[in-house]
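Please look over the sequence and the model shown here before reading the notes on one helix and its packing.

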Amino acid sequence: MTDTLSKLAELIEQRKHASPESSYVAKLQHSGLNKILEKVGEEAIETILAARDVEHGASKDKLIYETADLWFHTLVMLAQFDCTPSQVLIELERRFGVSGLQEKAARG
C-alpha cells in the first residue's frame, strides 16, 4: 500500500512541473491552490454521496472509485506544499495506541 502511495506521489511531483497542456496535475498546479482545493472539496462531496448510496444498497464500486479520486486530489494538494504521503502516514502511526477521544481532547 505504501509503495502505491509513494509511486503516485513521485508521479505527481514529476508532472506538476510539466506543461499544463500535457498533464492534468500540471494543469491543476498551474491553476493555483484554489482550484486544487475546489477539486478536493468536490471529490469529498462525491465520496460522501457514494457512501450514502452504499448505505441504501448501491454497489461499493462507486465508493471505491470516488475515494480514489479524493485521495489522488489530496495528494496533489499535499504536493502543492511539498508534503508527502509518508509524512501523513507517520502522523497516523503516531496516533496508534492513543484513544481518538484523548487525541481530540489534547487538541484543546
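Contact, as used below, means heavy atoms within 4.5 Å, and buried means under 20% relative accessible area with a 1.4 Å probe, counting protein chains only. The model is predicted, so that local features need pLDDT of at least 70 and side-chain atom pairs count only at pLDDT 80 or more, while totals for chains, interfaces and linings use all residues. Residues are numbered from 1 along each chain as its sequence is written, and side-chain values use heavy atoms, with hydrogens and water left out.

**Overall build**
- The protein has 6 helices and 0 strands, taken as DSSP runs (H or I, at least four residues, for helices; E, at least two, for strands) and numbered from the N terminus.
- Of the 108 residues, 24% count as buried, and the C-alpha trace spans about 45 × 35 × 30 Å along its principal axes.
- Among contacts between residues at least 6 apart in sequence, 55% join residues at least 24 apart.

- In helix 2 (residues 24-31), the buried residues are Val25, Ala26, Leu28 and Gln29.
- These residues lie on the same side of helix 2 because they cover an arc of only 160 degrees around the axis, the arc being that of the directions from the helix axis to the C-beta atoms.
- The buried residues of helix 2 pack against helix 1 (2-15), helix 3 (33-55) and helix 4.

**After helix 2**
- Gly32, which comes just after helix 2, takes a positive phi of about 100 degrees.

Conventions. Buried < 20%, exposed > 50% of the residue type's maximum accessible area, 1.4 Å probe, protein only.
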